[in-house]
Amino acid sequence: MSPAQKKTAPPSDREHPKITVYSDWCKRCGICVAFCPKEVLAMDENRRVFAKHPENCIACHMCELRCPDFAINVEEVKK
Ligand code: SF4
Ligand code: SF4
């Protein structure tokens with residue numbers, strides 16, 4: 001395969017970790033938002049957690065570890 005045929009995505013095209021919030025389990029306490037070191041997570045006007053800046057997630061899993069209800073999951077993307 002010639003160098004031109006290699007499929008190597010530039011850093012800006014890499015996928016970020018997949019963040020899933022299980023709304024049935026989430027009690028909207030905000031702990032995950034408070035402990036995220038990269039300010040990835042936020043709450044909307046109904047205190048629902050969402051990934052506001054998923055591109056900043058470093059997959060440290062702090063949100064998972066701190067969530068008392070196992071309501072958030074971070075899945076790293078295999079490269
Ligand atoms: S894994 Fe870390 S950086 Fe990513 S959302 Fe959770 S606390 Fe934030
Ligand atoms: S820490 Fe868990 S229960 Fe609390 S807001 Fe975050 S996901 Fe929901």
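Trainee: How do the residues of the shell around ligand 1 divide into nonpolar, polar and charged?

Mentor: Ala, Val, Leu, Ile, Met, Phe, Trp, Tyr, Cys and Pro count as nonpolar, Asp, Glu, Lys and Arg as charged, and the others, Gly among them, as polar; here the shell divides into 11 nonpolar, one polar and one charged. This is a predicted model, in which local features need pLDDT of at least 70 and side-chain atom pairs pLDDT 80 or more, while totals for chains, interfaces and linings use all residues. Residues are numbered from 1 along each chain as its sequence is written, with chains lettered from A and ligands numbered from 1 in the order written.

Trainee: Which residues come nearest to ligand 2?

Mentor: A residue is near a molecule if its C-beta atom, placed from the backbone, lies within 6 Å of it; of the 13 around ligand 2, Cys 26, Cys 29, Ile 31, Cys 32 and Cys 67 come nearest. For ligand 1, the closest are Cys 36, Cys 57, Cys 60, Met 62 and Cys 63.

Trainee: Which residues does Cys 67 touch, not counting those up to four places away in sequence?

Mentor: Contact requires C-beta atoms, placed from the backbone, within 7 Å, and on that count Cys 67 touches Ile 31, Cys 32 and Ile 72.

Terms used. Two residues are in contact if their C-beta atoms, placed from the backbone, lie within 7 Å.
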